[in-house]
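Please look through the following report with the sequence and the structure side by side. The text moves from ring pairs to helices, then to a ligand and its surroundings, and closes with some details of the backbone.

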Amino acid sequence: VTTSVRVELGDRGYDVVVGHGAAGLLPELLPRGVQRVAVVTQPGIGFPIDPGVEHEVFPIGSGEDAKTLATVEELCAAWSRGGLTRADCVVAVGGGVVTDVAGFAAAVYHRGIAVVHVPTTLLGMVDAAIGGKTGVNLPEGKNLVGAFWQPAAVVCDLDSLDTLPERERRSGGGELAKYHFLTGDDLAAMDLEARVAAAVAIKAAVVAADETEGASGVRATLNYGHTLAHALETVGRYDLRHGEAVGIGLVYAAHLALRLGRVDEARVAAHRLVVAGYDLPLDAPPGLDAGELVDLMARDKKAVDGLTFVLDGPHGVEVVAGVDADVVRAALTDVGVQA
Ligand SMILES: NC(=O)c1ccc[n+]([C@@H]2O[C@H](COP(=O)([O-])OP(=O)(O)OC[C@H]3O[C@@H](n4cnc5c(N)ncnc54)[C@H](O)[C@@H]3O)[C@@H](O)[C@H]2O)c1
Ligand SMILES: [Zn+2]
């Protein structure tokens, strides 16, 4: 009933299980010898889990405002008062905010205690809970403090998505849409379990090749659709969820690739179909300034040589540096930005 994907990282390797009711496997996925579990979650989630050993629930707040060092301190203090030891385990039940915060707290508590992620958002399942990046925000910016801390296992129980608000589900769809174009696999033909497992397998392979996001740039393909998405998010005047911005970014990247002669019209149509299939907008919100977006994209932290994009092409999705600013600007009209 479940699909299992291995993240191959030697002695830090772990299984990601995907399926309806997968949370029932939690007891057997805990590291050997764990006596007690600290469950970190948010009040609004309410996904019931039973780790099969003594456990206590530690609720944290919701939203980016809760992704702080203060929350990490509160968690570590509460774990300490509860007598949690290095032989015990943290289980994070929630979206990316919960897995990022609980993962980071686990990385630093007693210099590192095991964590198992139980992502309850689609975005968490196909992205945030996989790969070991953990961290919190500072007033100065997002994700500025963190650590690489691989989980001992990841449990993607698709039943947890039943209570997920519609907009959160669509946002996760934006991230899932990206995986449709990273390999030759036909994700559109798959049911949800196979599709999430396929996305996890793609991320797992990239993480295995480049665990700590080194100079190899292997992880860059995971940023497909993200260059415009980050610019749209930075403009900040619009109420866009991350996945919504990524959806627009994917359509934009396809049009840009077409204008550069890297793909044909059919490939652009395929991008539009996949993004629309997740009920996501294909066009940027109205009133955006093309010049401002181009400037923001030129300043993208992944940019090494002028305007750098992750683009589809004859050799698949790859990093393309030095893209002509005029073409970048012209392609913005393809996603509804006035020239
Ligand atoms: N570590 C990584 O590699 C990585 C990758 C991508 C994103 N992230 C981080 O993930 C965060 C975004 O994660 P997200 O999109 O999952 O948002 P989120 O964690 O804020 O969750 C969205 C909302 O849905 C609620 N929720 C979660 N699961 C629910 C459920 N099953 N039923 C009802 N409500 C539920 C949450 O309480 C929250 O209010 C960002 O902080 C981002 O930086 C991290
Ligand atoms: Zn993303």
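Both Y252 and F309 are buried, a word used here for residues with under 20% relative accessible area, whereas exposed means over 50% and partly exposed lies in between, computed with a 1.4 Å probe on protein chains only. The model is a predicted one, in which local features need pLDDT of at least 70 and side-chain atom pairs count only at pLDDT 80 or more, while totals for chains, interfaces and linings use all residues. Residues are numbered from 1 along each chain as its sequence is written, chains are lettered from A and ligands numbered from 1 in the order in which they are written, and side-chain values use heavy atoms, with hydrogens and water left out.

Y252 and F309 also form an aromatic pair, with 6.2 Å from centre to centre and 50° between the planes, and this pair is tilted. Rings of Phe, Tyr and Trp (its six-membered ring) pair if their centres lie within 6.5 Å, and planes under 30 degrees apart count as stacked, over 60 as edge-to-face and the rest as tilted. Because Y252 lies in helix α8 and F309 in strand β10 (residues 309-311), the pair ties together parts that are 57 residues apart in sequence. Helices (H or I, at least four residues) and strands (E, at least two) are DSSP runs, numbered from the N terminus.

The structure holds three aromatic pairs. In one of these, the rings of F181 and Y224 have centres 6.5 Å apart and planes at 70°, so the pair is edge-to-face. F181 lies in the loop between α5 (166-179) and α6 (192-209), and Y224 in the loop between α6 and α7 (226-235), so this pair joins parts that are 43 residues apart in sequence. F181 is buried at 5% relative accessibility, and Y224 is buried with a relative accessible area of 0%.

Two helices can be set out side by side, with the expected span of a helix taken as 1.5 Å times one less than its number of residues.

| Helix | Residues in helix | First to last C-alpha | Expected span |
|---|---|---|---|
| α8 (residues 242-259) | 18 residues | 26 Å | 26 Å |
| α3 | 13 residues | 18 Å | 18 Å |

Helix α8 is mostly covered, as 15 of its 18 residues are buried, and just after α8 the residue G261 takes a positive phi of about 75°. In α3, twelve of the 13 residues are buried, so this helix is largely enclosed by the rest of the structure. Among the buried residues of α3 are G96, D100 and F104.

Which residues are the closest to ligand 1? They are Q42, E64, T120, T121 and T163, within a surrounding set of 25 residues, where a residue is near a molecule if one of its heavy atoms lies within 4 Å of it. This shell divides into six nonpolar, ten polar and nine charged residues, with Ala, Val, Leu, Ile, Met, Phe, Trp, Tyr, Cys and Pro counted as nonpolar, Asp, Glu, Lys and Arg as charged, and the others, Gly among them, as polar. At least two residues of the shell come from each of α3 (96-108), α4 (122-128) and β8 (141-148).

An N or O atom in the side chain of E64 is 2.5 Å from an oxygen atom of ligand 1, and a backbone N or O atom of G96 lies 2.9 Å from an oxygen atom of ligand 1. For K142, a polar side-chain atom lies 3.4 Å from an oxygen atom of the ligand. The protein covers 85% of the 870 Å² of accessible area that ligand 1 has on its own, with areas taken from the Shrake-Rupley method with a 1.4 Å probe.

The side chain of E64 is also joined to that of N137 by a polar contact of 2.8 Å, meaning a pair of N or O atoms within 3.5 Å, of which, within protein, one must be able to donate a hydrogen and the other to accept it, while residues adjacent in sequence count only if both atoms are side-chain atoms. N137 is found in strand β7 (residues 133-138) and is buried, with a relative accessible area of 10%. A polar atom of the N137 side chain lies 2.8 Å from the backbone nitrogen of N143.

Most residues other than glycine have a negative phi. H110, in the loop between α3 and β6 (114-119), has a positive phi near 50° and is partly exposed at 40%. E213, in the loop between α6 and α7, has a positive phi of about 50° although it is not a glycine, and E213 counts as partly exposed at 29% relative accessibility.
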